[in-house]
Amino acid sequence: MGAGQPNILFIMSDDHASQAISCYNKRLIDTPDIDRIANEGIRFDNVYCTNALCAPSRATILTGKYSHINGVRGLSDKFDGQQQTFPKLLQQNGYETAIVGKWHLGHGGNSDPTGFDYWNVFPGQGKYYNPNMIEMGKQMTVEGYATDVITDYALNWLNSRNKEQPFMMMVHHKAPHRPWQPPEKYVTLFEDMEIEEPVTFHDDYQNRAQAAMMADMRIEDLTENDIKGTPPENLSLQQLKKWKYQRYIKDYLRCVVSIDDNVGRLLNYLDEQNLSENTVVIYTSDQGFFLGEHGWYDKRFMFEESLRMPFVMRYPKEIQPESTSSEMVINNDFAPTILDYARVKFDKTMQGESIRPIAKGAAPANWRESIYYRYWEHLTTHNVVAHYGIRTDKYKLIYYYGDPLDVKGAVPKKVRPEWELFDLEQDPLELRNIYNDPFYINIVKELKQELRRLRVKYQDTV
Ligand SMILES: [Ca+2]
């Protein structure tokens with residue numbers, strides 16, 4: 001193995017909110033295998049995606065760059081695989097590389113996975129049952145449940161890899177993405193219990209920008225396909241919402257239990273092969289998700305539940321067990337971090353920093369104190385207004401600029417621009433927009449200055 005380069009196992013699920021991982025929050029579910037990574041390594045508590053949507057987050061993770069630089073601002077944009085990515089750099093520097101599962105960055109032309117010695121991915125969103133897969137360009141249908149199938153292929157590849165080289169494998173689950181279809185063995189799990197609703201379940205969207213009221217992602221609007229059944233007749237709107245929530249959250253959690261099982265399979269394999277010591281294991285999700293908070297499902301907004309990504313990492317050689325960090329991390333940091341562990345240099349056009357020193361125990365001097373976010377897909381599915389903003393440890397300032405700009409797929413309709421400010425200490429649930437409160441005039445001024453600085457720094461001044 002070249003110059004002490006560790007193996008890297010990057011496991012990412014789709015739409016897995018940290019509220020549904022027990023090392024972050026014990027309210028909903030027990031996830032012993034994901035927790036094991038945190039217990040034997042580090043749990044990062046403030047990791048944020050910079051555009052809370054599947055394809056954009058994936059493009060940012062591969063390139064270390066913001067959406068407007070890597071070209072994937074929304075779901076209609078295809079990824080240009082000719083650009084620099086961390087898997088390519090690893091491949092050029094002694095690693096054998098692979099990706100299995102969800103790709104979701106387009107296919108054909110320049111959009112097939114590049115930088116991988118082996119790839120076997122779903123076309124588009126992928127299916128839960130008997131999924132179609134494209135293995136190195138060849139289409140096939142595989143019998144089984146997606147999360148198990150992906151892990152099977154991952155284990156097969158690990159077994160057949162070239163053991164003279166370090167490996168980097170990305171295992172990308174479709175679950176627990178909509179339509180939340182669980183494996184057959186778990187379809188009745190949680191059936192006899194009532195899952196507690198989140199405290200903001202009955203949010204009425206008052207005292208906020210119109211964007212929240214406009215959004216079309218309320219629990220009561222979940223379709224029969226989503227909840228796999230027909231609601232009882234004569235329910236009031238409130239009763240219907242509560243009924244649908246139980247159906248929704250239970251299926252979501254059933255999918256998560258299966259992910260956790262399959263994370264366990266990979267961890268066990270590393271143990272059996274004596275690979276645990278020399279492998280960096282990461283578990284994350286492409287962004288967070290609303291699990292009934294604010295009365296919603298889905299993501300897109302810069303609000304905490306969708307902005308926040310789970311991120312746990314284990315590397316016994318460097319990371320103390322049961323470590324935690326509250327430093328602000330963004331998904332642009334993943335590529336520089338992995339390259340840092342692999343001892344591979346990268347050019348500074350990547351818009352992130354390595355968090356390896358933080359995981360080792362000390363944040364570099366002048367570590368960031370604010371993060372920049374931008375959601376570009378104006379008024380598409382779920383009718384969310386495009387916005388950008390800044391989050392510090394105490395405040396969040398969001399600007400709904402109300403213009404579709406030239407983003408592919410965006411609806412060409414302008415809406416009234418609006419600002420939102422939340423005091424995250426006083427109002428962690430983000431229920432009260434205080435942008436117009438005179439008490440915060442100076443805070444707003446400072447945050448706008450910092451927002452401008454970040455927009456210039458990241459070359460996003462449109
Ligand atoms: Ca996603």
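In this predicted model, Lys 102 is counted as buried because its relative accessibility is 0%, and the cut-off that this step relies on is that buried residues have under 20% relative accessible area. The partner of Lys 102 in a salt bridge is Asp 14, with the closest N and O atoms 2.4 Å apart. This pairing connects distant parts of the chain, since Asp 14 belongs to the loop between strand E1 (7–13) and H1, Lys 102 belongs to the loop between strand E3 (96–101) and strand E4 (118–121), and the two are 88 residues apart. Asp 14 also has a relative accessible area of 0% and is therefore buried. In the whole model, the rule for salt bridges gives a count of 30.

A second salt bridge, with another setting, is formed by the side chains of Glu 425 and Lys 394, for which the N to O distance is 3.7 Å. Here too distant parts of the chain are linked, with Glu 425 in the loop between strand E15 (418–423) and helix H12 (441–457), and Lys 394 in the loop between strand E13 (387–392) and strand E14 (395–400), 31 residues apart. Glu 425 counts as exposed because its relative accessibility is 54%, while Lys 394, with a relative accessible area of 30%, is partly exposed. Salt bridges with shared partners also join Glu 304, Arg 308, Arg 391, Lys 396 and Glu 430 into one network.

The chain is divided into two domains, domain 1 being made up of residues 2–182 together with 246–369, and domain 2 of residues 371–457. Their C-alpha centres are separated by 27 Å, and 30 residues of domain 1 are in contact with 30 residues of domain 2. The size of an interface is often given as the accessible area lost when the parts come together. For domain 1 and domain 2 the area buried between them is about 2,500 Å², of which 59% lies on carbon and sulfur atoms. On the side of domain 1, the residues that lose the most area to domain 2 are Arg 73, Arg 300 and Met 302, which together account for 32% of what that side buries.

Charged and polar groups also meet across this interface, where the rule finds four salt bridges and 16 residue pairs in polar contact. Helix H3 (67–70) and helix H9 (304–307) each contribute at least two residues to the side of domain 1 that touches domain 2, and H9, with three residues, gives the most to that side. Arg 300 takes part in a salt bridge with Glu 377, in which the closest N and O atoms are 3.2 Å apart. The side chain of Arg 300 also meets that of Asp 298 in a salt bridge, with an N to O distance of 2.9 Å. Arg 300 is classed as buried because its relative accessible area is 4%, and Asp 298, at 6% relative accessibility, likewise counts as buried.

Thr 50 lies in the loop between E2 and helix H2 (54–63), and since its relative accessibility is 1%, Thr 50 counts as buried.

In helix H1 (residues 32–39), the buried residues are Ile 34, Asp 35, Ile 37 and Ala 38. Viewed down the axis of H1, these buried residues fall within an arc of 150°, and they therefore line one face of the helix. An α-helix has 3.6 residues a turn, so residues three or four places apart point the same way. The buried residues of H1 pack against strand E2 (42–48), helix H8 (237–272), strand E8 (279–285) and strand E9 (308–314).

In helix H10 (residues 334–341), seven of the eight residues are buried, so this helix is largely enclosed by the rest of the structure. The buried residues of H10 are Phe 334, Ala 335, Pro 336, Thr 337, Ile 338, Leu 339 and Tyr 341. After H10 comes Arg 343, which has a positive phi, near 60°.

Conventions
Residues are numbered from 1 along each chain as its sequence is written. This is a predicted model: local features need pLDDT of at least 70, side-chain atom pairs count only at pLDDT 80 or more; totals for chains, interfaces and linings use all residues. Side-chain values use heavy atoms; hydrogens and water are left out. Buried means under 20% relative accessible area, exposed over 50%, partly exposed in between (1.4 Å probe, protein chains only). Helices (H or I, at least four residues) and strands (E, at least two) are DSSP runs, numbered from the N terminus. The arc is that of the directions from the helix axis to the C-beta atoms. Contact means heavy atoms within 4.5 Å. Domain bounds come from an automatic or database domain assignment. Buried area is the accessible area (1.4 Å probe) that two parts lose on being put together, summed over both. A polar contact is a pair of N or O atoms within 3.5 Å; within protein, one must be able to donate a hydrogen and the other to accept it, and residues adjacent in sequence count only if both atoms are side-chain atoms.
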